[in-house]
Amino acid sequence: MTVLVVEDDPFVRDMAVMGIEEAGYDVIEAASGGQALRLLHSGIAVGAPLTDIRPPEATGWEVARVARQCLPDLPVVYVTGYAEQMHPVPGGVILSKPYRMSQVIGLLRTWLA
C-alpha cells in the first residue's frame with residue numbers, strides 16, 4: 001500500500017518517509033500541497049495521505065478532498081503545529097507536531113490491514 005507524505009519541512013518529511021518505509025509501506029512524497037495535487041491529478045493511487053495542514057500552494061484539507069474524490073472513505077492523517085487548527089475531520093485523524101512515528105504507523109496498520 002502507498003502512503004502520500006505531504007510536508008514542506010525536509011527534515012520532518014524525511015523522518016516520516018523513513019519511518020513509513022521501515023514499516024513496510026511504499027511512499028510517494030510531496031514538498032508542497034500543490035505538488036501533492038499534481039500527483040493526485042496524474043492518477044497515482046494512495047492508501048492514505050499523511051499531510052501537513054498548512055503546506056505551501058494548497059492546504060492539507062484540499063489535498064485530502066482531491067484524494068477522496070475517487071475514494072470517499074480514504075483515511076487521512078493530518079499533522080499540524082497550529083493548535084487553532086485542531087478541528088475534528090470526518091474520516092481523518094489530526095496529530096499535533098511533534099508527533100511520534102509510532103502513532104502514524106499504528107494508524108496505518110489499523111487502516112491498511
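## Fold, sheet and pocket of a predicted model

Residues are numbered from 1 along each chain as its sequence is written, and side-chain values use heavy atoms, with hydrogens and water left out.

The protein chain has 4 helices and 5 strands; helices (H or I, at least four residues) and strands (E, at least two) are DSSP runs, numbered from the N terminus. The C-alpha trace spans about 30 × 30 × 25 Å along its principal axes. A compact globule of 113 residues would have a radius of gyration near 13 Å, and the 12 Å of the protein chain agrees with this. That radius is taken over C-alpha atoms, and the globule rule is 2.2 Å times the number of residues to the power 0.38.

The 5 strands form an open sheet in the order 2-1-3-4-5, with parallel pairing. Strand 2 (26-30) and strand 5 (92-96) stand at the edges with a single partner strand each, so one side of each is left without a neighbour in the sheet. Two strands pair if DSSP finds at least two bridges between them. On average, neighbouring strands of this sheet are turned by 20° against each other, direction ignored. Strand 1 (residues 2-6) pairs with strand 2 in the parallel sense over 5 bridges, and Val5 has Glu29 of strand 2 as its bridge partner.

| Helix | Lies across | Angle |
|---|---|---|
| Helix 1 (residues 10-22) | strand 1, strand 2 and strand 3 (48-52) | about 165° to strand 2 |
| Helix 4 (residues 101-111) | strand 1, strand 3, strand 4 (76-80) and strand 5 | about 170° to strand 5 |

Two loops hold backbone features. In the loop between strand 5 and helix 4 lies Pro98, which a cis peptide bond joins to Lys97, with omega about -5°. Glu57, in the loop between strand 3 and helix 3, has a positive phi of about 80° although it is not a glycine.

The lining of the largest pocket includes Leu40, His41, Gln69 and Leu74. A pocket is an open set of points on a 1 Å grid over the protein atoms alone, where a 1.4 Å probe fits, with protein on both sides within 12 Å along at least five of seven lines; lining residues have an atom within 4 Å of a point. Helix 2 (33-41) and helix 3 (60-67) each supply at least two residues of this lining.

Notes
Predicted model: local features only at pLDDT ≥ 70, side-chain atom pairs only at ≥ 80, totals over all residues. Axes fitted to C-alpha atoms, helices over the stretch in contact; angles between N-to-C directions. Contact = heavy atoms within 4.5 Å.
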